[in-house]
Amino acid sequence: MEKKRAGKWIVSFFALVLAILIFLSALVFFIDPFFQFRVRDHSYMLSGWFVSSGLIRNHDYDTLILGSSMTQNFNMDRFREELGAEPLHIGLGGIEPVEMKELIDLAYEAEKADTYYIGVDTYAFTTQVEESRYPEYLLREDFLSRCRYFFSYEVWFRYLPVDLCLLLLDRLGVELPVKFAYSRSIDRLEDWSLNASYGEERMQGSFPGESRELPQADTEAIYQQMRSCVDRYLDSFHYEKGEHIFFLMPYSSLYWCDMENSGRMDPYLRAKAYFVEQAIARGAAVYDFQAADFTMDLDNYSDPSHYCPAINDWMVECFANGDCLVNMENFDAVQNRLLENTKQFRESYAHRSA
């Protein structure tokens, strides 16, 4: 009798555990906070590092914009108006080439985009990062990966409770601050412009006239390292899968002054020239925004490299009309203009050395 009771208790216990697991899995499946099965706009608190793979698989788009935090403030309506595109915007702060390769490979598998706009951060070519930070279980669709999704820490303790609260507030008709609207919009994924401020007082770089010693660099070693990274990076794309458009970010002149002060300007510009040459040779288009006149005005920047949304809008206009599109005939002139802008900027801040 005791054995029968013990057997029933064990069966009941495991049946209860199984029922709980099924219930929890069903809850994650129907809420689906990371869009692994379906996409719901304006519903959840979005994190680019967790929803990107689901958006790439399941969202409706024909144009993919992929890059770092310098791409996060693009206005998707401008892409629709200027380019007639149906865009999906994936901007992840500090994304490394190895992580970009994972997402672009996912996009190739999804076969939705016929145009790819890819933001290029030159400094990403100074190191060869081997390990990806992107959650591996969100890149795969096998049984074990799905199980990890259903019971992941991120789902249960970081996002699902917030998502359920947001859904409840929506049902109750509660109007939330605009920052919540930004954080729940696929078009504004990771947009940081709402509370951003700009101007000279925010700058962390060394101003040209200030006496600040930066460690000098082995320029040839840096160039060879960057050249190797460029080859590896460009080889990760399948250019036959659609139109590939690379764009070089419009850092401020202060950024380039820092490069000069540390002796890194020459290898960076040489690596940039090599990138342009090799990208064009592979059939890609390249836009170089780094010699624009507004780069000398620090009121457009929140730090030496991050810029205001108006510059993102200008970049979309350039995509539409072909301004700043470079080739091997005009690229030297663009490089020289960048050097001249840096020189003028340095001269304008010469009073700081007094």
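Trainee: Which helix does N321 lie in?

Mentor: N321 lies in helix α11, where helices are DSSP runs of H or I with at least four residues, strands are runs of E with at least two, and both are numbered from the N terminus. Before we go on, this is a predicted model, in which local features need pLDDT of at least 70 and side-chain atom pairs count only at pLDDT 80 or more, while totals for chains, interfaces and linings use all residues. Residues are numbered from 1 along each chain as its sequence is written, and side-chain values use heavy atoms, with hydrogens and water left out.

Trainee: Is N321 buried, partly exposed or exposed?

Mentor: N321 is partly exposed, because its relative accessible area is 48%; buried means under 20%, exposed over 50%, and partly exposed in between, with a 1.4 Å probe and protein chains only.

Trainee: And how far is it from L83?

Mentor: The C-alpha atoms of N321 and L83 are separated by 9.4 Å, although the two residues are 238 apart along the chain.

Trainee: Changing topic, what is the strand order in the sheet?

Mentor: The open sheet has six strands in the order β2-β1-β3-β4-β5-β6, with mixed pairing, and two strands pair if DSSP finds at least two bridges between them. At the edges stand β2 (87-91) and β6 (325-326), each with a single partner strand, so one side of each has no neighbour in the sheet.

Trainee: How do β5 and β6 pair, then?

Mentor: They pair in the antiparallel sense over two bridges, and V286 has V326 in β6 as its bridge partner.

Trainee: Where does Q290 lie?

Mentor: Q290 lies in the loop between β5 (285-288) and α11 (309-321).

Trainee: Buried or exposed?

Mentor: Q290 is buried, because its relative accessible area is 0%.

Trainee: What does its side chain make a polar contact with?

Mentor: The side chain of Q290 makes a polar contact with that of K272, at 2.9 Å; the term means a pair of N or O atoms within 3.5 Å, where within protein one must be able to donate a hydrogen and the other to accept it, and residues adjacent in sequence count only if both atoms are side-chain atoms. Leaving aside neighbours within four places in sequence, Q290 is also in contact (heavy atoms within 4.5 Å) with residues including T122, Y251, W256 and L338.

Trainee: What about the whole protein, how much is buried?

Mentor: Of its 354 residues, 48% count as buried, and the secondary structure comes to twelve helices and six strands.
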